Amino acid sequence: MKKIERVKSQQDFQKIISSNQRINTDVYVIYFQKNDVDFPRYGIAASKKLGNAVIRVKIRRQVRAMIHQIKKNRLINKKDYIVIVKKTYLKNDYQTNLQVLDKMLKKAEENE
């Protein structure tokens, strides 16, 4: 994922989360909001409850790879997405987490 496709600033995170459009499962919470640019942007958050810094960075890297894999398979709407990872992420394998994320992004695309 290119740097331009990432939501980085705290203000952008808060703006997207305050839009109150979200999808919730036991693995992720995805907040989304329509954006003004011609491509989707993603922000990934992993709380300290998941583990130390090494584990959180690994989780964010895996989620980034999942998003990249999903983007290769299909076109995604022009929205900003915030993916918040929950603790049950650690109990599942990569493929299960990928399938859950894919289903959630599809559902977020359908919502306007």
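The model is predicted, so local features are only described at pLDDT of at least 70 and side-chain atom pairs only at pLDDT 80 or more, while totals for chains, interfaces and linings use all residues. Residues are numbered from 1 along each chain as its sequence is written, and side-chain values use heavy atoms, with hydrogens and water left out. Helices (H or I, at least four residues) and strands (E, at least two) are DSSP runs, numbered from the N terminus.

**Helix α2**

- Helix α2 covers residues 53-73, and its end C-alpha atoms sit 31 Å apart. That agrees with the 30 Å its 21 residues should span at 1.5 Å a residue; the expected span is 1.5 Å times one less than the number of residues.
- Arg-56, Ile-59, Val-63, Met-66, Ile-67 and Ile-70 of α2 are buried. Here buried means under 20% relative accessible area, exposed means over 50%, and partly exposed is in between (1.4 Å probe, protein chains only).
- Looking down the axis of α2, those buried residues fall within an arc of 100 degrees, so they line one face of the helix. The arc is taken from the directions from the helix axis to the C-beta atoms.
- An α-helix has 3.6 residues a turn, so residues three or four places apart point the same way.
- The buried residues of α2 pack against β2 (28-34), β3 (41-46), β4 (79-85) and α3 (94-110). Contact means heavy atoms within 4.5 Å.

**Helix α3**

- Helix α3 has 17 residues and reaches 25 Å from its first C-alpha to its last, close to the 24 Å expected at 1.5 Å a residue.
- The buried residues in α3 are Asn-97, Leu-98, Leu-101, Met-104, Leu-105, Ala-108 and Glu-109. They cover an arc of only 140 degrees around the axis, which puts them on the same side of α3.
- Lys-103 and Glu-110 are exposed, on the face of α3 turned away from its buried side.
- The buried residues of α3 pack against β1, β2, α2 and β4.

**Where α2 meets α3**

- The axes of α2 and α3 come within 10 Å and cross at roughly 60 degrees. That makes α2 oblique to α3 (under 35 degrees counts as roughly parallel, over 145 as roughly antiparallel, 65 to 115 as roughly perpendicular, and the rest as oblique).
- On the α2 side, residues including Gln-62, Ala-65 and Gln-69 take part in the meeting with α3. Their partners in α3 include Tyr-94, Asp-102 and Leu-105.

**Single residues worth a look**

- Ile-16 lies in helix α1 and is buried, with a relative accessible area of 1%.
- Leaving aside neighbours within four places in sequence, Ile-16 is in contact with Val-7, Tyr-31, Phe-32, Gln-33, Asp-80 and Ile-82.
- Ile-16 and Gly-43 are 27 residues apart in sequence, and their C-alpha atoms are 9.8 Å apart in space.
- Asn-20 lies in the loop between α1 (10-18) and β1 (22-24). Asn-20 has a positive phi of about 65 degrees although it is not a glycine, and at 59% relative accessibility it counts as exposed.
- Lys-2 is in the segment before α1 and is exposed, with a relative accessible area of 58%.
- The C-alpha atoms of Lys-2 and Lys-86 are separated by 24 Å, with the two residues 84 apart along the chain.

Definitions and conventions
Axes fitted to C-alpha atoms, helices over the stretch in contact; angles between N-to-C directions.
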